[in-house]
Structures are given as structure tokens and as C-alpha cells.
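Reader: I have a structure open and a few questions about it. Can we go through it together?
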There are 2 protein chains.
Amino acid sequence: MRPVFGFGQENAAPNEQAEVKADQNSETFMSVAARSRSGGRAGRRALRTAPDHDMLPGLARNLPLCEPLDEDQIRKLDDASMSILEDVGIIFRDPIALDDWKKACARVDGERVYLDREHVRELIRTIPSSFTYHARNPKKNVPVGGNRTIFVPMTGAPFLRDLDGVRRNPMLDDLAMFHKLSHMLPAIHSSAHHIVEPYDHPISHRHLRITYSSMKHSDKTFMGMTTSPKNAEDVMDMCAILFGEEYLENHPVTTGNCNGNSPLVWDETMLGAMRAFSKRNQPVLCSPFVLGGANTPASVVPAVAQLNAEALSALAYTQVIRKGAPAIYGHYLSTVSMRSGAPMAGTPEISLMNFLIGQLARYYDVPWRSSGSLGGAKTFDAQAGYESATTLNAVIHAGANYIWHAAGWNEAGMHCCVAKFIVDAEQCAMVYRMAEGPRWDDFDEALAAVRDVGPGGHYLGHPHTQENFQRAFFMPDMFDNNSIEQWKAEGEVEITERALKQARKLLSEYQEPKLDEARNEALLDYIARREREIPAEDALNQDY
Amino acid sequence: MRPVFGFGQENAAPNEQAEVKADQNSETFMSVAARSRSGGRAGRRALRTAPDHDMLPGLARNLPLCEPLDEDQIRKLDDASMSILEDVGIIFRDPIALDDWKKACARVDGERVYLDREHVRELIRTIPSSFTYHARNPKKNVPVGGNRTIFVPMTGAPFLRDLDGVRRNPMLDDLAMFHKLSHMLPAIHSSAHHIVEPYDHPISHRHLRITYSSMKHSDKTFMGMTTSPKNAEDVMDMCAILFGEEYLENHPVTTGNCNGNSPLVWDETMLGAMRAFSKRNQPVLCSPFVLGGANTPASVVPAVAQLNAEALSALAYTQVIRKGAPAIYGHYLSTVSMRSGAPMAGTPEISLMNFLIGQLARYYDVPWRSSGSLGGAKTFDAQAGYESATTLNAVIHAGANYIWHAAGWNEAGMHCCVAKFIVDAEQCAMVYRMAEGPRWDDFDEALAAVRDVGPGGHYLGHPHTQENFQRAFFMPDMFDNNSIEQWKAEGEVEITERALKQARKLLSEYQEPKLDEARNEALLDYIARREREIPAEDALNQDY
């Protein structure tokens, strides 16, 4: 008795196994489906092809969240963070910000700002609980906040692992490739910005090329560069060209990330970029940069208390800049190996911190950004899979609104991996489905099927199955679930190769969502002018 | 400015990055640690080595669970399942069981048994909510039920992927290897039974050799074979030899799995094995075998309604066999690809079904078994990582008490992978830590550290860090988080090779937990006698 492909024996008696396993033989299934279903061969063909690049709307979560804190514990954490801001203070290493805080009647001593808790509460109260993040294609606007979640690709990689699996410096064409893929992958809601660094352009001009590439190759939302206050202002100008100055004034059309320098420091670059965005009513992600154990206490809850103080101080400052401007509670989270000093991902403490931070962001009633596919693997091996799936599942259970770095992240962010980008994007689609929660709309109908089929029968030919099978169970394209015999016959293709094939296929099908001609020209004119004005510093480039 | 290894740029300004990243340089960390910490070099050495094979106690979960069902929905699902049992009935393909049901006053028509809901409720009420699962080393007893969780390796694989990464038929020595590894891996609570099938022994004798190997190579709990009623009785006899007849009568010392034949059939083999276990007061896992869409409706909630009916009928039957005998709500869960007929793992619907089933098991107040590391990958590639991490995280959030197939499962259970076994076991230790929830015991002390360190400082040399760093953040041995330069210098080792090296190291350190000499001899005598009595049928063996 040769075990039929499919699953372990699990102690089932041999005769039983044979019976059960017959059901999952693909020939059997397809022949039953063909017999029972109008359309037959054509239907099966449609099933196999059916490319659908339509973007999924922003996820509306309908699963209870993992909320470990009771009310007392939330108050205790809030009190700890507020006490840090009141007693320890926080450095705003930026003369304009210090001046702003003085005008706002905060106590300022040198670079250190001491913030009273009531003052903080009053300030963050005017941050919108949620907002619509506008795309140039209004069908691709997405909500940020509440029970809604969007998935945004990784950014900032100085290397890529390319369509041939080679790790190398990226060029502008590589960035365009990622923007095209972002445009086509249904669960990805944004083309982000510098997914990879375009090394063929001087560092001081890159923000212009990056922003244009995001705008041109995708009509989804995109992110805005915050590498310097001036760069951020250029991005704002380009947004004004693309959307119109007045529209920009009243609609969030991009998001900028501002990293904190934990513990308890915000610096001039980030604060200047923050002002550029907030003044124009564009949301910033206020993101303490946590290397747990190195720049926070070596303990989950206290690390969150510090991170929370940092995030709150920046969120408060956005409202000093412009009352009512949208802003997002953010962070970059890692824990540090106390053996080697290396940052880690996919660890239990990162999941726990996410659960706690999600609760705090909801307590303060502000949208919350976390990260989705973090990991430190050097290649797209099983480590990468474990790390990313653990992180993504954690932030979904934690209720993140804006899941950044949701696709492509590898090697602790040092490279964006094309293969992983494709697989992560499918993983986003999968947690999307999970987070929608169970459906009840076909409950009675399906129970009638149980009565029809009865003991010992099978459901493949039943009308309920025929009508529901497309939407019933997610069928991941990137997972191979065939028998090893079939897998061998098909050339022993592992997931990396499968994903790269899919990337090539998508790119061959890509159709550019054309920019309005006048706006396109205006953007190109703007870039040309700014490139004449800005000296072409390419120090970073020469280094590689 | 060369980006320092560690994480993507995330839009941080260059100067800020450089500052932050300096903290995670291993030289810096180690030198700070050496300066600050009593013990210095010796302490660091202890940190690097410190092998600890002590078993973790059964996990006490302290995280809120993912419970999507409200009370009405639980009642609706319960009603649906009970209606199936009342109106559709369920086949018990076994004359003794049919006779038992008749004596218990159930309506029996041919092989079909119709169970009244009040009757079912009355029967399952006597199943213990929780019990202690006894090991031959009482320090390794573990609780099953309530908020407690144990991790049990995969079983039933007809192939293994061995210490050289080769996929082949396993022999008894390979099984012994897995039992030794199970003995040494801290988060694994059981040596299970036929992790792999020992092909060098006739199929009719294997259950004896498998049981002896579990008993001999590990002093943790183990599972009992249920491949036939006679085999199950042999296992009971061997347990009586190992633990003593009287002890066995009053203590659960093994668990047996009985698979249902969905939809709505229990067969003679499984029911006979169930009787062998339940009569001796040993717990059985009542496990419908779900190929979602093929042998259930193609819809999450209705599939659970059917599975629940199946599980309840078997749970009820255990109490007909012996009132008060421990029993466990179980299942094998997959969804079937409607494209190919292949079973899938790590899909959103499997997570959702787990959330629902967990709620139902708690509603009926019986311990619940799910599966931890399922997947269909043919090798230990990224697919395997995504699938297993997704499944494991789902069943932890679902609150499973008995996580079977928690290590080693690959290729839809067709092979047990040594490398994956090691990595999965570490993953179990990681979700173990997560599920314990956040600690508050050092909160005040750590907040004092925030005041000490202040803005712009670092925590590496602070006494709180020094005292807490070992327990603060999980440091996975199987994840490489070093820089790519270091990784290259060390030979570009991917996770598979790392895990195989660790397996070899563990096996070289293995020390057998010796059986009592008299009991060992009695066990060997029993096996010798039974092997003389049982014809050596080796049909399965010849097939390979």
C-alpha cells in the first residue's frame, strides 16, 4: 500500500486513508468538476488564468484584536510615558522646533523640552482619528485609521536581490520595476517611494527621481521623501503639481516618515521634514527607531513606555506646526541580540510590543503604523519565511492601520528581494482575507449541502461547492502544494524561482497608468529646474 | 557614507542613522558589556555556550485569544452541529460501537447513528476539562486543557529528509534520532510515536518498536499507536509494564489519535483503537480529517459546523466506552485547492477555522488539539517558513491545548525534515514566550533606567540591562542576524545547514535517560513474545 501523496498518516487506519486521500487526487477533482459544472473545460481554463490586478480596497478588519493590557495597565503605561516627558524631557535638536515649543509655552532647557501631560493630550486631540489617503486614481484612495488597514511596500534598501537572484546596487530602472509591481499587486495599496536607492543618480537629486517614479508608474498612493527638509519641500511642490495646490491643501496625498533617534531625541533633519509635510497638511509617520535593549530598556513593557513617550512628543509637535494636520503613530521595532548586538526580527518580544503599541495608539485615538515583513535572512530562505509571517501575523492581530515594509524586506532592510516582494504581497492578500473574519452569508445554504451530501459522500460536485469554490478558500499561487512526483516532473521549482517567474510575467503584462500630459510635463520641468539648482552631490554613490 | 549593516534607511537622515547604528555594532556592544559587567570574558563565554536542554513546563498562556464568535454565533454553530447529529446522523462503521450506541439508547438505523443533542451534552459533560499527562520522569508531566498548551512533534511521515538533506525512507535508527532530539529540545513536550515510519521492520511489528523507541530514548510524554485495535492494546500493555497496571488505571500516560473519515463517518479501526484507549482511561484525540471543500462544504463556518458534529459524536462515544475517561477535541485541518485538488496549509481559512474551533472546544469545556507546523513545501524553503509560522501563530492565538505536528512537518506530512524539526522546535519556544504575555515585574526598575540613561544615551552598560538581558529578548539560534559580510566570511550558511549542524551537535551531546532495568527487560520480553505471535506482514515495506 503506497501512501498517496498529500499528508502524513496521522495514525489513520490504512483503509481510511486511502478513502480520504482519493478525494484530493487532482484527476478525480478535475473530472468531477468537469462533469458537474457548466462550462467544463472552459471553466477550468478560466480558473487557471483569470489574472486580476485590481487593487483590493483598504482592508476592513473584522477580527477581535490581541489586546493584552487591561485599563489599569494602559493607564500605568500612559502615566509612565507622560512622566518621562514631564520629568526627563526629550531633546528636539533643532532651533526652530525649540522656538516653536517655547511659543507653545512648553518648558525648554537648552535642547531639552519638558512636556506637561495635559499639554500633550490637548495637542494630540486634534489629530484626525482617521483620514482618506488620496491617490491620483480616486478609485485607489484608501482609508487610514479605525479598523482599516493598508499594506505599503518596504523602502530604503541600498541593495536589491534582482530578477536573477543577484544582490547588487539598484538603479532607477530597478526602482521603476518595484513601482510597477506595486501597481499590479492587488493587496499592495501604495507604490511607496525609494523601495530601493537609485544609485545611478546623484544622492542630492534622487528624491526628485524617486518621487516621479512613484507618481508615474503607479496610480496608487505613494510616500514622500523626508531625507532633508528641502527634499521634503520639493516633494510637496511635486504633489502640488500632480494634484493641484488647492487639492493638496485639503487632501492627504502622500505620507512622510520621520524617525526618532531613541532614546528621546528628535533631530533637525527629521523635524524640518516634518514641518514641510505638516504645514501642507500632509501626514507624517512619527517613528521612534527602536533597537530594543540598546536604545531602550531590555524589557518589553518599559521599552514601549519610552517609545510611546517619543511618539507622543512628535505627534504633539505636528499639532504645534499645524493644528488638525493628520499624523500617524509610528515606530521601527527590533530587538537587539545580546550575544552579537545584531537587530532581530520575528521574535516574541516584537510581537508583544506590537500588541501593546496598538492598544496605546487606539487609546490616543490616532492611526498607527507598524511594519509587516521584517527579517534578517541574507537570502530568501526559510528564515525569511518564518520571520516575515510571524511579524505580519502579529501586526494584523495587533490591529495596525498602516503596515509599512509589507513586501520585499530582507537582510534587515539592506536589500529588497524581488522574489520576496511577490510572495510577501500574496501573504498580505492572505492575512487580508483572514482579518476580514468568517463569512456567514452562505451558512444555511452550505448546511443544506451537508444534508444533501450526507455521511461518506463528497462535496466536489455539489452546487454549493461549484458556486462558492472560487471565493471559499484562498489558493496561493506562490505555494506549491502538488505531489513531489509532479513537482519533480516540473523541474523541482522552489519558491524563489516561482516568484521570479511571476514577477517577470507581471512586468510583461504591465500597462502604465498614464499621467495627464500637462502635469507630466510640469513635473519634468520642475525636476529639470531643481536638478540645475541643486549641486549633484554623489558621495554615497562613489562609495559603492 | 556607507550604510552600516543592520536595517534599511527608512528615511532616517544620514547623520541620525549613523548614530543609531553604532549601537548595534557587535564590537561596541561586547566591549561595553565587558567593561560594565562583573565576570567580563567569562560572562560572555557563559552567554555564548550555556546549553540548556531542560524541558520548559507546559505553557501557561496569558494572552487574550482570538475569538471571532459572539454568543449567538456559538449557539448557532452548536445548533447546526447538533441538528446534523440529530437529523442527518453519523456512520459508526463498527458492530461493537453500534451495539454500544443501542445500549446507550441512541437511535441506530443500519450503520447510521442519530444522536439527540441532550444526550450528546450529557455524555461529553463527564470528559475532564483538563488533565495531567504523565511522563515516566514526573518532572516532565504536563497539563492538558484550560489555558495550558503543550507542543508535540509531527508523526506519521513515510519519508524523512535526513541529516544530509536527503529525502529517503526512514529506518528505526532515524526514528530513534527524532526521539532523541525530542528529548533534548526544551519546548517539545513529548517524543510522540512514529515521527517517521521505520521501514526496516515489518508493518505488523512496527507499533511495538515505535512505542519502545519513544519510551526508551526520552523520558517525556509519548503517544500511543492506534493503527489497529490490537496494536492499541499492545501499546496499553507496554504502558502497563512501564508505569504499572494500577498507575495506568488512574493516570493518563499516553494519547492516541483517532481520525474521523469526513464527512460523518467513524470506522472500525479507529473505533476499536478508541475503545482500547478509553477502556484503560487513556485519552484519545477525536480528530475529524478535514480536506476543506472536498469532504466539507466550501465555506469556513459550515465546514466547522460539520467538523464539530463529527468531533462531538466521537467525544460522546468515549464516554459511552468509559464515563469520565479523558478525551481531546481534535482535527486535521486543510483546505483543498480548487485548481488542483491538493491540500493546502497556512491559508487564511485554516487560521479562521482554528479560531472558531478553539471557541467551540472551550464552549464544550474539553481540551483541544490542533496542528502547529503544517505546510506543503517539498524542501525546507521559504514556503515552509511562511506556512509553518502562519499556522503556529494561528493556533496559539486560537488557544490550542495540544499542538501536534509542532515540529518537522513538511511536504504535506509526507516527510519529516530534520532541519525543520530543529527550527520548528525553536519556533515553539518563541511562541511560548509570546503567549506568556508581557512581564511587569521589572517595570519600575526599568523606568528608573530610562531616567538614568536619559535622551541620547544607551542602555548597554546600565545595570538593569546587564541583569535582564538574558531573559529580556529571545535570541533565536536558528536565525542568522549578522551582517552579510560576516555571513559571507562564515561560509554563507543558510538556515538548513545551520539547523543540521545544531541537530548533529544535540545528538553528540545526547544522554539516554535510562529505563529501570527490570521494566526495560519486561518491555523487551513483551516485544519478543508479541513478535513471535504476530505474523510479520511487510507489504508496505516491499512497496518501497
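Author: One term to begin with: contact means heavy atoms within 4.5 Å. Also, this is a predicted model.
Reader: Fine. How many residues does the contact take from chain B and from chain A?
Author: Chain B puts in 172 residues, and chain A puts in 172 residues.
Reader: And what area do chain B and chain A bury between them?
Author: About 14600 Å², with 64% of it on carbon and sulfur atoms.
Reader: How many salt bridges are there between chain B and chain A?
Author: The count is 8 salt bridges. One of the side-chain pairs joined by a salt bridge is E349(B) with R433(A), at 2.9 Å, N to O.
Reader: Which helix of chain B gives the most to the side that touches chain A?
Author: Helix α14, residues 382–398, with 10 residues. That side of chain B divides into 84 nonpolar, 55 polar and 33 charged residues.
Reader: Switching to sheets. What is the order of the strands in the open sheet of chain B?
Author: The 4 strands run β10-β11-β13-β15, and the pairing is parallel. β10 (222–224) and β15 (327–329) of chain B are the edge strands, each pairing on one side only. On average, neighbouring strands are turned by 30° against each other, direction ignored.
Reader: Over how many bridges do β11 and β13 of chain B pair?
Author: Strand β11 (residues 254–259) and strand β13 (residues 284–287) of chain B pair over 4 bridges. C258(B) has C286(B) in β13(B) as its bridge partner.
Reader: Which strands does helix α9 of chain B lie across?
Author: Helix α9 (residues 229–243) lies across β10 and β11 of chain B, at about 140° to β10(B).

Methods
Residues numbered from 1 in each chain as written. Chains lettered and ligands numbered in written order. Predicted model: local features only at pLDDT ≥ 70, side-chain atom pairs only at ≥ 80, totals over all residues. Heavy atoms only, no water. Buried area = accessible area lost by both parts, 1.4 Å probe. Salt bridge = Lys/Arg side-chain N within 4 Å of Asp/Glu carboxyl O. Helix = DSSP H or I, 4+ residues; strand = E, 2+ residues; numbered from the N terminus. Nonpolar A, V, L, I, M, F, W, Y, C, P; charged D, E, K, R; others polar. Pairing = 2+ DSSP bridges. Axes fitted to C-alpha atoms, helices over the stretch in contact; angles between N-to-C directions.
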